[in-house]
Amino acid sequence: MSWTASSTTSGLSVSGINMAYNNSGTIGVEDADILISLKPNHAPTADYVRTMRERLPRMFPSVSFAFLPADMVSQILNFGVPAPIDLQIVGSDEQANRKYSNVLLARIRRIPGIADARIQQRFQQPTLNVNVDRSLAGLVGLSEKDAATAMQTTLSGSAQTSPTYWLNPRTGVSYPVSIQTPPRILYTMND
């Protein structure tokens with residue numbers, strides 16, 4: 001094999017600093033980056049990309065793939081966005097935005113030379129709508145912020161709401177500690 005997967009990142013970064021220096025556009029737990037390092041005397045990079053563009057969608061039909069530029073010059077010319085051409089649809093009607101985005105994507109895919117055309121922001125993310133009765137919550141000294149913080153810590157970890165670090169006394173290295181309720185034990189809204 002002429003390559004190795006040298007790093008893999010799934011979901012969102014623990015730190016906002018990592019996201020500031022990352023141009024892949026990961027926006028949720030459903031996204032992942034795989035950095036592939038080619039060994040010396042490898043075949044042309046374009047050959048590997050072409051093979052993966054053909055095989056991966058057949059092997060994983062419900063997953064979308066994109067191959068971002070690996071060289072620093074192309075990444076800089078992209079101004080930090082995950083693609084050299086970045087179209088953004090903005091509007092208050094989400095359904096109309098989705099419909100227009102899909103129509104536009106279909107037209108863009110027909111342009112010769114376009115590769116990896118995709119909608120970066122998925123519409124079908126899991127959503128939990130919560131209504132807080134402010135009057136009742138206020139009676140016990142709680143606010144909507146308290147409810148949101150408790151839910152965020154339970155559902156997405158504590159790294160963003162109240163970061164905690166553990167210092168390894170032997171090495172002097174700090175590690176982030178993220179506390180999260182395992183989704184496998186959350187069956188009902190009360191859980």
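Buried residues, those under 20% relative accessible area, make up 13% of the 191 residues in the chain. The structure is a predicted model, in which local features need pLDDT of at least 70 and side-chain atom pairs count only at pLDDT 80 or more, while totals for chains, interfaces and linings use all residues. Residues are numbered from 1 along each chain as its sequence is written, and side-chain values use heavy atoms, with hydrogens and water left out.

The chain exposes about 15,300 Å², as given by the Shrake-Rupley method with a 1.4 Å probe; for residues, only the protein chains shown count as cover. Carbon and sulfur atoms supply 57% of this area. The secondary structure comprises 6 helices and 4 strands, taken as DSSP runs (helices H or I, at least four residues; strands E, at least two) and numbered from the N terminus. Along the sequence, these elements follow the pattern β-α-β-α-α-α-α-α-β-β. Of the contacts (heavy atoms within 4.5 Å) between residues at least 6 apart in sequence, 46% join residues at least 24 apart.

A search of the whole structure finds 4 salt bridges, a salt bridge being a side-chain nitrogen of Lys or Arg within 4 Å of a carboxyl oxygen of Asp or Glu. One of them joins the side chains of Asp47 and Arg50, with an N to O distance of 2.5 Å. Asp47 and Arg50 lie 3 residues apart in helix H2 (residues 45–59), so they are separated by about one helical turn. Both residues are partly exposed, Asp47 with a relative accessible area of 31% and Arg50 at 45% relative accessibility.

Arg53 counts as partly exposed at 34% relative accessibility, whereas Asp116 is buried, with a relative accessible area of 18%.

Arg53 and Asp116 are both touched by Phe67, which also contacts Val49, Met52 and Leu56, not counting residues up to four places away in sequence. Phe67 is located in the loop between H2 and helix H3 (72–77) and is partly exposed, with a relative accessible area of 22%. Between Phe67 and Val49 the C-alpha to C-alpha distance is 7.2 Å, at a separation of 18 residues in sequence.

A further salt bridge connects the side chains of Glu144 and Arg134 (3.7 Å, N to O). Here too the pair links distant parts of the chain, with Glu144 in helix H6 (residues 144–156) and Arg134 in helix H5, 10 residues apart. Glu144 counts as partly exposed at 39% relative accessibility, while Arg134 is exposed, with a relative accessible area of 60%.

Trp166, Val173, Tyr175, Val177 and Ile179 make a nonpolar surface patch of about 460 Å². Patches are made of residues with over 30% relative accessible area and no salt bridge; like charges are joined within 9 Å, and nonpolar side chains (Val, Leu, Ile, Met, Phe, Trp, Tyr) within 5 Å.

Terms used:
Buried means under 20% relative accessible area, exposed over 50%, partly exposed in between (1.4 Å probe, protein chains only).
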